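Hello,

Here is the structure I promised to pass on. Please open it alongside this message; my notes follow below.

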Amino acid sequence: MALSLYVDTDRWRAHQQTVIQQFPGIVPVCKGNGYGFGHERLADEATKFGADILAVGTTYEAARTKDLFGGDLLVLTPFRKDEEPVPLPDRAIRSVSSVEGVGLMRGARVVIEVMSSMKRHGVSEQDLPRLHAAIDEVRLEGFAIHLPLDRADGSDAVEEVIGWMDRLRAARLPLDTMFVSHLKPEEFAVLQQQFPQTRFRARIGTRLWLGDHAATEYRGAILDVTRVTKGERFGYRQAKATGDGWLVVVAGGTSHGVGLESPKALHGITPRAKGVARAGLATVNRNLSPFVWAGKQRWFAEPPHMQVSILFVPADAPEPHVGEELTAILRHTTTTVDRTVDR
């Protein structure tokens, strides 16, 4: 019995087509854990809808993906001079975020990242005059700009891209192709209309694979159910049951990513208050699990094990049975499942 990802395949692929139509020339992104689907599955999907290029996170991912996808592979992590060499085919394209980096990539296919308001990495405006000589030594595939998701200052994504297009044009650098990230469909259309001589290519992962939340569902199978009474001891740490009910052993533990939560940006008073409340409960060993039974998220009876979790279901809820499944609210990018089920 397993932790499973159920996929409404027709609905999932219909959403893919919607995004593809909104962003002509899309560059699908397949990085990390493959957004919960795995690299093999996403490489196959990209092949099916005719993508000519697939973006991956690192050179190591490119090496693992080269036999899964026959088109070009765009490595998103910028080249660093002291990185470990990883053998890659000529169809691999490296991102570069400095003039020095471009100079070290002689003969290679490269995309040059410019510094956006993300302030993460990229070539600065002051560096542009130095790029002329450097790009003569590489096969330039285009420039790229990685934009922030939120704009608390009210700034405009389109204006930021236009600003960089103007700087590159003023520096007399080629503007044949511009790779962009985190634009809305209407913003992408405005840019393509304003710069008809430039091909804009949107690098998209989350919106493409996870944009329709109702197309996927995680479920953990119940492996064992044991009735307990209030005060009865159980588990590795021999804690006491907080009431009458059942201890439910469900597939899905730390090796799947269950109980491992990445930090989230909290906006507003209510989400912050809930965060404080969760932290307070955790100090007395009360942690809410991602598993749902009878319409409610259930509490971990103790911290999740490597491959299973033990939940406490109170006696006033319907009795769980071995073989039934609990839906689970899990983050795709931190979850590894035992199996994927298309339906």
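Start with A55: its bridge partner is L74, in strand 4. Keep in mind that this is a predicted model.

**The sheet**

That bridge belongs to the pairing of strand 3 with strand 4 (residues 72-75). The two run in the parallel sense, over 4 bridges.

**A helix across the strands**

**T59**

Next, look at T59 in helix 3 (residues 59-65). Is T59 buried or exposed? T59 is buried: its relative accessible area is 9%, and the cut-off for buried is under 20%. Which residues does T59 touch, leaving aside neighbours within four places in sequence? The contacts are V75, E83, V86, L88 and R94. V75 falls within strand 4, which spans residues 72-75.

**Aromatic rings**

There are 5 aromatic pairs in the structure. One of them is W12 with F37, and that pair is stacked. The ring centres are 4.5 Å apart, with 20° between the planes. This pair links distant parts of the chain, 25 residues apart. W12 sits in helix 1 (residues 9-22). F37 sits in the loop between strand 2 and helix 2 (39-48). Both W12 and F37 are buried.

F195 and F200 make a tilted pair. Their centres are 6.2 Å apart and their planes meet at 55°. Why does that count as tilted? Planes under 30 degrees apart would be stacked and over 60 edge-to-face, so 55° falls to the remaining class. F195 is buried, with a relative accessible area of 9%. F200 is buried too, at 1%.

W12 and F37 also belong to a cluster: together with F49 and W209 they form one aromatic group.

**Arginines over rings**

Two arginines to check on screen. R167 lies over the face of W164, at 4.9 Å from the ring centre. R219 lies over the face of Y6, at 3.9 Å from the ring centre.

Best wishes

Methods:
Residues are numbered from 1 along each chain as its sequence is written. This is a predicted model: local features need pLDDT of at least 70, side-chain atom pairs count only at pLDDT 80 or more; totals for chains, interfaces and linings use all residues. Side-chain values use heavy atoms; hydrogens and water are left out. Buried means under 20% relative accessible area, exposed over 50%, partly exposed in between (1.4 Å probe, protein chains only). Contact means heavy atoms within 4.5 Å. Two strands pair if DSSP finds at least two bridges between them. Rings of Phe, Tyr and Trp (its six-membered ring) pair if their centres lie within 6.5 Å; planes under 30 degrees apart count as stacked, over 60 as edge-to-face and the rest as tilted. A charge sits over a ring if NZ of Lys or CZ of Arg is within 6 Å of the ring centre and within 35 degrees of the ring normal.
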